[in-house]
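Here are some friendly notes to read alongside the model. Keep the structure open and look for each place as you go.

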Amino acid sequence: MSDSKEPQVIPEPASPRGSDYAALSRQVRQAGLLDRQPRYYAWKITVTAAALVLGWAAFAVIGNSWWQLADAVFLAVAFGQVGFLGHDAGHSQVFRTRRANTVLGVACGNLGTGISHEWWTSKHNRHHAHPNTEGADPDIMISVLAFSGPRARAARGIQRLIFRWQAYLLIPLLFFEARGLHASSIRTVTGPGCRNRAWEVTLLAAHFAAYFGAVFFVLPPVKAVVFILVQQGLLGFYLGCSFAPNHKGMPILPASDNTDFLRRQVLTSRNVHGSWFTDFALGGLNYQIEHHLFPSMPRPNLRRAQGLVVAFCADRDVPYAQTSLLGSYALALGHLADIGKLNSPASVSQPAPVPAQP
């Protein structure tokens, strides 16, 4: 990181009096939807920690056996759930003070999953400030994917070939997501400007030492490598599948866009409807619109806020996108396929398609 300042949590913006967002904020606050939920998070932290302990206890008990691959699947999910808790802490959803949220975030990120809390919050807050915005949202500035026509047309060589087939490559690429998260974390904590370097480095090193030490102590080399590939591959796939439905296939905004905060967040986000299991599996990220409008809103309040936000958007003719989980993947992959076609010679002069609203 080149910025030595501590990554700040993106608060709900101070909107001009009388703005749509100000009106919505008043309704949300009056409903108590920004109030902390200590009982929920006490239960969530306890259950998630217990799952992590159970996974490693099972690893020790199973020992030198290929049944460890079943435990690798369980630990991939457990790591993902720990990551969701770190995400909530990064947005100050859990505790009232920044220090307490930072402690939880570093414990979940650096120690629990091997992902730097400082790197994640810095990157993720830039995304929240400018979702799906060219040149500003790091989540659409990925070297192996193109989300807009200009980027697809500008590609050359091997990148052009990758973009053309990106809809088919997305799923395989997700299995390498955890590796990318770890690599970015290590670069951050060892590079210039890492504010809490001592804690970040110490806990990140402790995670990798404990993880690799346990795996290679219990398993012979071949089984150890296979276990790591399966567990880390599925972790990346799980996290990628949790984040992919939220914005992929939604409109891409130009760098010069000056849309107001409420519409920028709503128009570039998509919700996924489902049951309590969907809420659990996606860590509350299925309420992406509400989360983007109010990043510090505690996870259990997002479902309660949805009805209020839907009615507010309908009253002001603001499109509110929501679909099923499978439908969201279809829309995301369809958008990547359409963009990928734009770098073919026959399409170089054609305008980029506008993503269809679900």
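1. Helix α5 (117–129) gives the most to the lining of the largest pocket, with eight residues. Helices here are DSSP runs of H or I with at least four residues, and strands are runs of E with at least two, numbered from the N terminus. A pocket is an open set of points on a 1 Å grid over the protein atoms alone, with protein on both sides within 12 Å along at least five of seven lines; lining residues have an atom within 4 Å of a point.

2. Please keep in mind that this is a predicted model, where local features need pLDDT of at least 70, side-chain atom pairs count only at pLDDT 80 or more, and totals for chains, interfaces and linings use all residues. Residues are numbered from 1 along each chain as its sequence is written, and side-chain values use heavy atoms, with hydrogens and water left out.

3. The largest pocket has a volume of about 1200 Å³, meaning the space filled by probe spheres set on the points, which are joined across faces, edges and corners. It is lined by 50 residues, and Lys123, Asp139, Ile142, Glu177 and Leu181 are the closest to its centre.

4. Asp139 sits in the loop between α5 and α6 (149–154), while Lys123 is in helix α5, 16 residues apart. Asp139 counts as buried because its relative accessibility is 18%, and Lys123 is buried too, at 19%. (Buried is under 20% relative accessible area, exposed over 50%, partly exposed in between, with a 1.4 Å probe and protein chains only.)

5. Arg299 lies in helix α15 and Asp88 in helix α3, so the pair ties together parts that are 211 residues apart in sequence. Arg299 is buried at 6%, and Asp88 is buried at 2%.

6. Asp20 is partly exposed at 24%, and Arg316 is partly exposed at 28%.

Note on methods. 1 Å grid on protein atoms, 1.4 Å probe; cavity = no way out; pocket = protein on both sides within 12 Å on 5 of 7 lines; lining within 4 Å.
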